[in-house]
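Here is a short report on how one chain folds.

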Amino acid sequence: MKQFIKFTVITFVLTIFFATTKAQTMNTGSNEYKVVFQLSDNDTLVHKTLLRQLNNLQKAMNHVKIEVVTHGPGIELLMSTTGLAGNIQELHKKGVVFLVCNNTLLEKKMAAAAILPVANIISAGIAHIIRRQAEGWSYIKAGF
């Protein structure tokens, strides 16, 4: 009788263990992650680091939506004169969305033509970030 109870307890524990492990594995593969990066820095080292981090993030996570919101001096990353246009284009092809704050463009008296074609202009960068956070997006401030 003792062996039967011991066998039953061990079987029950193993069943729970394997069921939990299977559920965690299934859940991990089906999650969709969403992250919004804020860039307000014109330091080219920050820009290069951000682009490298975006590539690393896409390699590390299967289902991740990424937006990069630029405003203030950060819009220099997405200006047509940037030396990183090729890197930005490649990330855009992989699904990264690049956004430029229109308030910044107006403040700097810049035309939309000064921005890379892969970038979208939004009315207010900070407001967009707040909305994304309210929708459950993770937030990361780019820079050091």
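The text below covers the sheet, its helices and the cores.

This is a predicted model: local features need pLDDT of at least 70, side-chain atom pairs count only at pLDDT 80 or more, and totals for chains, interfaces and linings use all residues. Residues are numbered from 1 along each chain as its sequence is written, and side-chain values use heavy atoms, without hydrogens and water.

**Sheet.** Five strands form an open sheet in the order E4-E3-E2-E1-E5, with parallel pairing. Strands E4 and E5 stand at the edges with a single partner strand each, so one side of each has no neighbour in the sheet. From one strand to the next, the twist averages 25 degrees. Strands are DSSP runs of E with at least two residues, helices runs of H or I with at least four. Two strands pair if DSSP finds at least two bridges between them.

| Element | Residues |
|---|---|
| Strand E3 | residues 97-101 |
| Strand E4 | residues 119-122 |
| Strand E5 | residues 138-141 |

E3 and E4 pair over four bridges. Ala-119 in E4 is the bridge partner of Phe-98.

**Cores.** A nonpolar core is a set of buried Ala, Val, Leu, Ile, Met, Phe, Trp, Tyr and Cys residues joined through side-chain atoms within 4.5 Å. Buried means under 20% relative accessible area (1.4 Å probe, protein chains only). The largest core has 27 residues, and Leu-54 and Phe-98 are among those with the most contacts inside it. Helix H2 gives the largest share, five residues. A second, separate core of six residues includes Trp-137.

Notes
Axes fitted to C-alpha atoms, helices over the stretch in contact; angles between N-to-C directions. Buried < 20%, exposed > 50% of the residue type's maximum accessible area, 1.4 Å probe, protein only.
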